[in-house]
Amino acid sequence: MDTLLNTWLNPPSNFNQLSLVWLGSWSTLSLILVALLCLATLGLGWYNTQKLNPMRKSILFILRILTLGLFLILFMQPAARLEEVSRVKNHVAILVDHSRSMNLPHHDQNKDISRVFQAHQSLKNAQTTLKKWSKKDHYIDYFSFDTHLNAHDHQLELVNSDPSGNQTSLINALNELSTRIPNQELAAVVILSDGGEWTASGQIDPPLKLMSAVERLNTPIHTIALGPKTPSLDLSLAEVRADDFAFARNAVSVDVDIQVHGHQDALSCRVSLSRGTDLLSERIVDFAPGQTQSSLKFEFVPEETGEESYTVYIDPLADEQILENNLTRFSMRVIRDKIRVLQVVGNPSWDQRFLRKHLKKNPNVDLISFFILRTNASVQVAAQDELSLIPFPTQELFEERLGSFDLMIFQDFTYQGYRMKRYLPLIRDYVKRGGGFMMIGGDQSFSGGQYAGTAIEDILPFYLPPNGKNQVQLGEFTPTLSSSGMRHPITALSLVPEENQTLWQELPALEGNNKVGKLKKNAQVLAWRSAANGQTKTPLIVASPMGKGRSLAITTDSIWHWALSPKAIEHDHGSRAYHRLWSNAIRWLIRDPALNPLQVKADRDRYRVKQNLSIIAQSLDESYQAIAGSSITLRIEDISQGIANAKLITEHRGKSSENGELHFSWQAPKEGVYRVLARSTQQGGEQEAEDLFVVAEDLAELKDPQARPDILKAISQHSGGEILSIDDSWDSLQRKAPAVTQVNRREDIALWATWWALLLAVLIPSLEWALRRRWGLS
Amino acid sequence: MQSCSLGLTSLALAIYKQHTAYAFGNREKVGITFLDWGEGAHARPRSAEQLMWEVSKRTSIEVREAPIWVGPEDPKLLESPLLVWLGRGEAPAFSEIAQERINLYLRSGGLLFIDDISPPGDQRFDRSVRQRIKELWPESELKVVDEDHTIFKSFFLINQAHGRLLRSSQLEHIGFDDLSPILYGRNDTFGALGRSPTGDWLLPTLPGGSVQREKAFRFGINLVMYSTCLNYKRDQVHTLEILRRRQFKAR
């Protein structure tokens, strides 16, 4: 029909499509009514010609049909539609893998040609074909992908960008492609990759999800596999598992999974674990022929608390190509498992009873108590085996095990009588190296314990008056907080200073205290026994840093009244105040990091290279209130080669804000272990704090860098695409033709509005009418 | 050997230099507070003094020899970590205030030792005090203290609660918070301790003998030591040595 119309109408050459259309826009009901009317008319015509001979009858019936046909044509209004149409191009998407593994060699033999270079080369080779496609039926869209799809305006932009993605996700790439280009507009997809579906935890086999993504595109996906056809020799740390923190003096384990590829024969490798630059342990791992995985466990016991960097390293093999996956760094914060407290008591007393009960109830305290239950002056009327007494193991406690304690408490205890004098300098050194020391009052404490002039006096926050039993003040009193004590963490029974002061005023009275001498430099009196009855005020609670350690002196043995007294028990705050005070004191003495007046913290423990990191330092005064305008220096050092070989990378100086904080943003330029060291000078004393963080690339892909052509093959087969080698021509690649056309111009020629149509409409009914009259019909 | 130990006490005093107590006040010294309740509260004169004197001579504890008495409603009850209730006859019921105060005291770390000082055959106190204990500590029942309890090894290694009588070899207790806030003995321990100013024992021991009295002192000293050192002797450092000595004695 179209051809007939074309011949008949001979439309202008700028129309390239002609079709018959009906312009009459009648409803279905109208059409049905007209059809019924025509049938009725036809039937009536046939009935009226019953008496005529068959010849005349047929002629009249044909004329009636023609009349009705003409009527229907006029009713339906047929037209010839002339159109100028053009096709809309669909898309060929080219996806090039830009994950880090694409930087690895394409061939085993030639390490200079990377997989990505080969991919780009393949694109250049296909240039002619791509031009041909883009000229006619397809747009060419360029994408790179790693974990996500990245669009490029043209091929040059794609080729000039470096593969730096840390993971590969074909699933994401295909899913994101379907959101960028509607499926019906996709002619084909070409993927150039070394294959693999990577997550942070490693490579996974092609999952159902990948095949679902392929099906969703409903387009041929052609793949070009890059990378060596056979695995190259490579050892890699597939996984290193270690906790973020460990407990001091408790065994820590580091689990290491090692993978090897590309080996035919048995091989051995050396794996080492180092802390900073100190080698902690090394192991030889043997692989049998064909064995690809092995695991080992390092165990060590960290002795000191703090954060350190650790490195697991596999010595590379002679022919090994990829060395990045032979090393993993991590940091570990070593914390106390329990606070190990040595409580040495000169004689059982109520004060000691309640302190021991407090310490024993604290689940974080590992308490070693030694009470002197009997002295040389005690009467011995029972055999040794009838007593539960054990010798006082002075050498073990104060020499052999001294370093294992976090805190030493001397409570109404004198060293005399136990041949302990030679241990006193060791105790002093232990404190100055970082230990905590507390002396609690009593007639055998301070000068009453003959400590004046000994090494113990060196670690007390004040000088001692001459030794003697009379260095005491008797009588009841209510302690008074000093200005420092109002905010100091030890005496903070409440975080609100005013409320804290009220609490102290309401505490049960204490009784008696030791006399002490002049305060030492850096000593802080937190609470006083107020002057009364002609006596001068005397320090009651005095704290002082002592080298790297801390020292606290409490000059009374009556604090137990805060645990058991009508006021303590019947007023809610009483007994709580007792426990709060001791908990605070212990935390301060063991240098709980949360109580350091200068704090510094990076917002994460691990970063990637050039990732933004944020460091916040906060400066507090001796009363633990924020210091505004404090000068803080932040030094960021690379300590990958150990703290002794720390390299200054950058330094930032600034003043703290109203809330005592100094913020600093930075990007680490390269991999390594970094330490941020904050320093501030506060009221004459220099404070220091540090935090560690690791900067490392995500090596998930490089843990198993072997190419996975099998995954690409599965994609092609599932989508009906082809599997190409890099040298194959793209000319014959299957593509879907553009399905969408576009009408640029349209013109309708009404076929019924012609003179001959009108003439026929008059002539045929007239002829029928004339013949009916002639043949004797009405 | 044990029979002459008390005699040795006096001798030893002359040999050893006396330990001088310089505690900061009487409140800080370890002493006994009697619960002034019922007919037995004052029935064992000079027993606490004698016990604390022995404690001061045999141990390093600085003591307050003279006891004090507090009523069950007296707030001062809450100042005494070691409270002793000497009872005989009917144990009178506590008032609501007293009951509440004693309960608070026990839960705050106080120790109540109840000593049944009834004459032999008199069960009235035993019957009634059990009801009083139930009222003071409704959620638990008295249980027999096992021989591994710290009170039997806090200073002397003993195996039962001793006293003037040998009515029961068992000591009973209420356990709470890994301690025994209530201890109940039926052997009139404090009856064995009292001594007149002239040096005579105020009451005889039954069935008798200085060994029984010495054992009563040892139990009393262990009680004082337990009230100050709590479960100290259960610490690991002591356990092996104590086990070794107990095995030695068993042979």
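Two residues are in contact if their C-beta atoms, placed from the backbone, lie within 7 Å. This is a predicted model, in which local features need pLDDT of at least 70, side-chain atom pairs count only at pLDDT 80 or more, and totals for chains, interfaces and linings use all residues. Residues are numbered from 1 along each chain as its sequence is written, while chains are lettered from A and ligands numbered from 1 in the order in which they are written.

Select A:A585. Leaving aside neighbours within four places in sequence, A:A585 is in contact with A:M438, A:I490 and A:L552. A nonpolar core is a set of buried Ala, Val, Leu, Ile, Met, Phe, Trp, Tyr and Cys residues joined through C-beta atoms within 7 Å; a residue is buried if 20 or more other C-beta atoms lie within 10 Å of its own, exposed if 12 or fewer, and partly exposed in between, with C-beta atoms placed from the backbone. Helices (H or I, at least four residues) and strands (E, at least two) are DSSP runs, numbered from the N terminus.

**Second stop: an open sheet in chain A**

Display the strands β5-β4-β3-β6-β9-β36 of chain A, which in this order form an open sheet with mixed pairing. Two strands pair if DSSP finds at least two bridges between them. At the edges, pairing on one side only, are β5 (149–152) and β36 (723–724) of chain A. Strand β9 (residues 221–225) of chain A pairs with β36(A) in the parallel sense over 2 bridges, and A:T223 has A:I723 as its bridge partner in β36(A).

Now select helix α7 (residues 170–180) of chain A, which lies across β3 (90–97), β4 (138–145), β5 and β6 (186–193) of chain A and runs at about 50° to β5(A). Here axes are lines fitted to C-alpha atoms, for helices over the stretch in contact, and angles run from 0 to 180 degrees between N-to-C directions.

Colour chain B separately: its secondary structure comes to 6 helices and 7 strands, and buried residues make up 48% of its 251 residues. Where do the chains touch? In all, 51 residues of chain B are in contact with 46 residues of chain A. On chain B's side, α1 (5–15), α2 (47–58), α5 and α6 (236–250) each supply at least two residues, and α6(B) gives the most, with 7 residues.
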